[in-house]
Amino acid sequence: MRVLIVEDERKISAYVKRGLEEQGYAVDAAYTGTEALDFADAAPYDLILLDILLPEMDGLAVCRELRQRGNRTPVLMLTARDAIDDRVAGLDAGADDYLVKPFALKELLARLRALTRRTSDVPKSPVLQLADLTLDTLTRRVKRGNKTIELAAKEYAVLECLLREPERVLTRTQIAEHVWNYDVYNQSNIVDVYIRNLRRKIDDNFEVKLIHTVRGAGYRLSMESDNEAT
Ligand code: CA
């Protein structure tokens, strides 16, 4: 999952970025409205965290502009305490939800999970599943059958990305864009490295292999093993 945070107060931005990264999210930070629009045009974010009070162009204008450009990424608006007009204006501008500052990281994470769940077409359940592989987005627990599998934060993020769209071939770029931010995602073989780790943990000790390489295209999570290149 990749999040864009738009907030000019560097301290708050850094605090939220660190908190989300600890949970395995990829995070880019924009500090002005125009910067936010540039980022949003350039990468497929799963969520945009948008402060209302920004220099030059405020969050409401940014949100309206995003929607006008056809960008449907869920927007979580950050508003000042008791500013009811702001909240109404935010929703009117096309935001999906709002969070009152100051907020606890825990609440932000809960809203974030709810919003990304609401917008994905299929699963309303917090548990993603294929065959005997399950990933619980609430507890972040991954299991195959009865066996709990320990994953590093980015391994979890790559698996979640694949498991949100089982059977679909995802290119390395598509995976990287959802798992890493601009600082890292252009390192060419980073996805392959993580897929190798995931295979070792998820597939090696099991008869049915779920992670498949699709030659010249990318990776696919499936119980079927045609088009195999490994
Ligand atoms: Ca601000």
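Helices (H or I, at least four residues) and strands (E, at least two) are DSSP runs, numbered from the N terminus. This is a predicted model, where local features need pLDDT of at least 70, side-chain atom pairs count only at pLDDT 80 or more, and totals for chains, interfaces and linings use all residues. Residues are numbered from 1 along each chain as its sequence is written, and side-chain values use heavy atoms, leaving out hydrogens and water.

**Stop one: the sheet.** Select β6, β7, β8 and β9. They form an open, antiparallel sheet of four strands in the order β6-β7-β8-β9; two strands pair if DSSP finds at least two bridges between them. β6 (127–130) and β9 (147–149) are the edges: each has a single partner strand, so one side of each has no neighbour in the sheet.

Now select residues 141–144, strand β8. Three antiparallel bridges link β8 and β9. Find V142: opposite stands I149 in β9.

**Stop three: the loops.** Which loop holds R140? R140 lies between β7 and β8. Its phi is positive, about 60 degrees, although R140 is not a glycine. Next, pick A131, in the loop between β6 and β7. A131 is not a glycine either, yet its phi is about 50 degrees. Most residues other than glycine have a negative phi, and most peptide bonds are trans.

**Last stop: a cis bond.** Select K101 and P102. A cis peptide bond joins them, with omega about -5 degrees. P102 sits in the loop between β5 (97–101) and α5 (105–119).
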